[in-house]
Amino acid sequence: MKKASIPELSEKLAAPLQALASPQRIAILLVIGKGEACVCHLEAALGWRQAYISQHLMALRKADILQDRREGRYVYYRLKNASYLDLILDSATLSGLSAETVSSVINTQTYPSCECPHCVPMLISVESLKTV
Ligand SMILES: [Zn+2]
């Protein structure tokens with residue numbers, strides 16, 4: 001088997017770093033974390049317009065970093081590989097932030113302005129309890 005040259009290896013190694021190299025995409029990954037998030041949740045968390053978020057979601061999906069799943073009227077996005085979060089935490093250290101500062105904001109919040117099932121879980125369950 002032929003050993004890969006350094007330029008060949010470097011090309012492969014740069015791919016995930018290049019796909020992540022945008023503050024907007026990193027912000028999206030921080031909101032999703034190890035869970036999943038729909039576009040409306042990302043909108044509430046980041047305060048950006050839906051079209052703008054969708055554009056970055058598409059790029060992240062194309063780069064094979066995110067996968068999506070449809071449930072009812074929601075499309076949920078999740079990380080294909082949690083190692084991308086490790087990469088972001090390593091970047092925190094390199095940029096002079098503490099890993100704790102960054103990990104404390106990863107997918108922990110719910111938002112009053114968001115109506116996704118993650119933020120309003122009781123909306124469905126109360127009704128379904130009555131019918132049982
Ligand atoms: Zn939400």
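Mentor: Start with contact: heavy atoms within 4.5 Å. Leaving aside neighbours within four places in sequence, leucine 29 is in contact with Leu20, Leu60, Ile65, Leu66, Leu79, Tyr84, Leu85 and Ile88. This is a predicted model: local features need pLDDT of at least 70, side-chain atom pairs count only at pLDDT 80 or more, and totals for chains, interfaces and linings use all residues. Residues are numbered from 1 along each chain as its sequence is written, and side-chain values use heavy atoms, with hydrogens and water left out.

Trainee: Which residues touch the most other members of the largest nonpolar core?

Mentor: Such a core is a set of buried Ala, Val, Leu, Ile, Met, Phe, Trp, Tyr and Cys residues joined through side-chain atoms within 4.5 Å. Buried means under 20% relative accessible area (1.4 Å probe, protein chains only). Here the largest core has 24 residues, and Leu29, Ile32, Leu42, Leu57 and Leu66 touch the most other members. Helix 2 gives the most, five residues. A second, separate core of seven residues includes Cys38, Tyr74, Tyr76 and Cys119.

Trainee: Which residues coordinate the zinc ion?

Mentor: Look for donors: N, O and S atoms within 2.8 Å of the metal (3.2 Å for Na, K and Ca). His41 (ND1), Cys114 (SG), Cys116 (SG) and Cys119 (SG) coordinate the zinc ion at 2.1 to 2.4 Å. Their sequence spacing is H-x72-C-x1-C-x2-C.

Trainee: What geometry does the site have?

Mentor: Four donors count as tetrahedral if all angles lie between 85 and 135 degrees. The zinc angles run from 91 to 119 degrees, so the site is tetrahedral.

Trainee: Are Cys116 and Cys119 buried or exposed?

Mentor: Cys116 is buried at 1% relative accessible area. Cys119 is buried too, at 16%.

How values were computed: Tetrahedral: all angles 85-135°; square planar, octahedral: opposite > 155°, others 65-115°. Buried < 20%, exposed > 50% of the residue type's maximum accessible area, 1.4 Å probe, protein only. Helix = DSSP H or I, 4+ residues; strand = E, 2+ residues; numbered from the N terminus.
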